[in-house]
Amino acid sequence: QPVERDFAFLMNDTVMAIDIINAVKKAEKDILEEVNIFDIYQDQKLKAEGKKSVAFKVKLQPKQNTLTLEEINKISDNIIFSVKTNTGGELRGERVA
């Protein structure tokens, strides 16, 4: 059964969408089915700081068994770490199930 998770990061406005997608793919290429950026937000304050907020949805498709909550959390942590490491972004708020 597929699992979807949403993430939102604050990052430099020079980071390109493909960089975010590639960072997610590096983290979980074996079970990653989709990465979709669904929101990019930049108000005047963020613009002045050279930042933007980027939200994306990840769809995971396990090859055999249904993922446990522990496995989903570990995969989410791997995605967060990869996006931080590869784009310099910082996670905003909490993960949304």
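This is a predicted model: local features need pLDDT of at least 70, side-chain atom pairs count only at pLDDT 80 or more; totals for chains, interfaces and linings use all residues.
Me: How confident is the predictor in the protein as a whole?
Reply: The mean pLDDT of the protein is 92, and 96% of its residues reach 70 or more. By element, confidence is lowest in helix H1 (residues 17-27), at a mean of 95, and highest in strand E3 (residues 51-60), at 97.

Me: What makes glutamate 33 and lysine 59 a salt bridge?
Reply: The N to O distance between their side chains is 3.4 Å. The cut-off is within 4 Å, so the pair qualifies.

Me: Which parts does the pair of glutamate 33 and lysine 59 tie together?
Reply: Glutamate 33 belongs to strand E2 (residues 32-41) and lysine 59 to strand E3, so the bridge joins parts that are 26 residues apart in sequence.

Me: Why is lysine 59 called buried?
Reply: The relative accessibility of lysine 59 is 19%. Buried means under 20%, so lysine 59 counts as buried.

Me: Why are lysine 84 and glutamate 90 counted as a salt bridge?
Reply: Their N to O distance is 4.0 Å. The rule asks for a nitrogen of Lys or Arg within 4 Å of a carboxyl oxygen of Asp or Glu, and the pair is therefore counted. Lysine 84 is partly exposed at 35%, and glutamate 90 is partly exposed at 45%.

Me: How many salt bridges does the rule give?
Reply: The count comes to 5. Salt bridges also link Glu4, Asp6 and Lys57 in a network.

Me: Why can such side chains pair at all?
Reply: Side chains of opposite charge can pair when their charged atoms come close.

Me: What makes aspartate 77 partly exposed?
Reply: Aspartate 77 has a relative accessible area of 40%. This lies between 20% and 50%, so aspartate 77 is partly exposed.

Me: Where is aspartate 77 found?
Reply: Aspartate 77 sits in helix H3 (residues 69-87). Its C-alpha atom is separated by 9.2 Å from that of alanine 27, 50 residues apart along the chain.

Key
Residues are numbered from 1 along each chain as its sequence is written. Side-chain values use heavy atoms; hydrogens and water are left out. pLDDT is the predictor's confidence in each residue, from 0 to 100. Helices (H or I, at least four residues) and strands (E, at least two) are DSSP runs, numbered from the N terminus. Buried means under 20% relative accessible area, exposed over 50%, partly exposed in between (1.4 Å probe, protein chains only).
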